[in-house]
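Here is a short report on one protein chain.

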Amino acid sequence: MSRSNDAADTTTGPGSAPPAANPAAPEATRKLSGRRRREVVAVLLFGGGPIFESSIPLSVFGIDRQDAGVPRYRLLVCAGEEGPLRTTGNLELTAPHGLEAVGRAGTIVVPAWRSITAEPPTDALAALRRAHEEGARIVGLCTGAFVLAAAGLLDGRPATTHWMYAPTLAKRYPQVHVDPRELFVDDGDVLTSAGTAAGIDLCLHIVRTDHGSEAAGALARRLVVPARRSGGQERYLDRSLPEEIGADPLAEVVAWALEHLHEQFDVETLAARAYMSRRTFDRRFRSLTGSAPLQWLITQRVLQAQRLLETSDYSVDEVAGRCGFRSPVALRGHFRRQLGSSPAAYRAAYRSRSQSEGRPPRELRDEAVLPSQLRRAAAALTGASAPDPGKPASDVYAPGRRA
């Protein structure tokens, strides 16, 4: 799943969120400065960055594949700070260009940032702001979104990053509309992607935008990857508590919700437990988790259903009840939107895969339904014991309006 500001790509599949209002939209039409060329791609490298993410734009934009019908880009590999730059495995990189070369590029890619808690170099941030003001297209892959956010380029815009870091991005930069469900977000002159392989999806999208589907398809065949991947990050989310949640007053409410997914409650219930109005709770919750509370709650229920389908022999109707859905119809709709499959088809595929790998489906147990990390965190926050996954659920769950 991806979000693009392109009219032809506004909705990319069932369950896609409607395009967010973008206060920065007029800037997306800013004319490219005469000294910059769109086909010139600068990749900004920093010390401590992961080598896989760094290699993605180098491979996509730095290799001549004109024989396969892929138009050529001119690649400038730039050091975003003083070297030498050390990366994964303590490899030492020497970039042939510095920040001055960024001034010639019409596309600047920040493949990854070394730490979501570290502040990027001020010179690099200034170079990115200047490039954006001169009409360049700025791209952040995975944690590269933190560099774009630190430069102020994501303020008022939709963006994504690896689902594990989305809550931190949303909390640290509240002006950014973080959507942890998307594989990538194209907001015109600023683009961001989710983790690792989603960087390939975004780079292929850029080639498709510049040169059409045929060129992107030819490149995808050379890379032996799908030209377009369906779905988003929902299937990869886990149920552990966000990294920074422990110190937040809403931690207890989140822990309670995760322990009681089998019970009847909605977002209003959570707001009341937090002693907040629904509006205040929505705002605070989004800043904490990077997601609207209703969407988050539905996602957690779907993930609970996914685990029960993998680890138990409950019928789909029983799974729906044990995950707090009002009816099996509600479960099927949300399950298909998030995972691209019906619950029954998902269970059949999972069991077939397990048998082909020579391992029987897991037996139902606490650890399968509620990970140990979450149970420990929830117990520490609430003083409660681990939940009973076999506890019957109420039959009422009102999903309300979609986030």
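Which residues in α2 are buried? They are Ala124, Leu125, Ala127, Leu128, Ala131 and His132. Buried means under 20% relative accessible area, exposed over 50%, and partly exposed in between (1.4 Å probe, protein chains only).

This is a predicted model, in which local features need pLDDT of at least 70, side-chain atom pairs count only at pLDDT 80 or more, and totals for chains, interfaces and linings use all residues. Residues are numbered from 1 along each chain as its sequence is written, and side-chain values use heavy atoms, with hydrogens and water left out.

**Overall make-up**

The protein chain has 15 helices and eleven strands. Helices (H or I, at least four residues) and strands (E, at least two) are DSSP runs, numbered from the N terminus. Of its 403 residues, 52% count as buried. A contact means heavy atoms within 4.5 Å. Among contacts between residues at least 6 apart in sequence, 70% join residues at least 24 apart.

**Two helices**

The expected span of a helix is 1.5 Å times one less than its number of residues.

| Helix | Residues | Number of residues | First to last C-alpha | Expected span |
|---|---|---|---|---|
| α2 | 122-133 | twelve residues | 16 Å | 16 Å |

Start with α2 and its buried residues, which include Leu125 and Leu128. They cover an arc of only 160° around the axis, which puts them on the same side of α2. The arc is that of the directions from the helix axis to the C-beta atoms. An α-helix has 3.6 residues a turn, so residues three or four places apart point the same way. The face of α2 turned away from the buried side carries exposed Thr122, Asp123 and Glu133. The buried residues pack against β2 (37-45), β6 (105-110), β7 (137-140), α3 (144-150) and β11 (190-193). Just after α2, Gly135 has a positive phi of about 90°.

Now α9. Phe281, Phe285, Leu288 and Thr289 are buried there. These buried residues fall within an arc of 75° seen down the axis, so they line one face of α9. Arg279 and Arg283 are exposed on the other side. The cover over the buried residues of α9 includes α4, α7, α8 (267-273) and α10 (293-311).

**Cores**

A nonpolar core is a set of buried Ala, Val, Leu, Ile, Met, Phe, Trp, Tyr and Cys residues joined through side-chain atoms within 4.5 Å. The largest has 36 residues, of which Leu44, Ile108, Leu128, Ile138 and Leu154 touch the most other members. β2, β3 (74-79), β6, α2, α3 and α4 (166-172) each supply at least two residues of this core. α3 gives the most, with six residues. Apart from this core lies another, of 34 residues, among them Leu250, Trp256, Phe265 and Cys323.

**Single residues**

Thr160 sits in the loop between β8 (158-159) and α4. Thr160 counts as buried because its relative accessibility is 0%. Its side chain reaches the backbone oxygen of Asp179 at 2.7 Å.

Arg228 lies in the loop between α6 (213-223) and α7 (251-259). At 54% relative accessibility, Arg228 counts as exposed. Arg228 and Ser213 are 15 residues apart in sequence, and their C-alpha atoms are 10.0 Å apart.

Cys203 is buried at 1% relative accessibility. Cys323 is buried too, with a relative accessible area of 0%.

Methods:
Polar contact = N/O pair within 3.5 Å; in protein donor to acceptor, adjacent residues only side chain to side chain.
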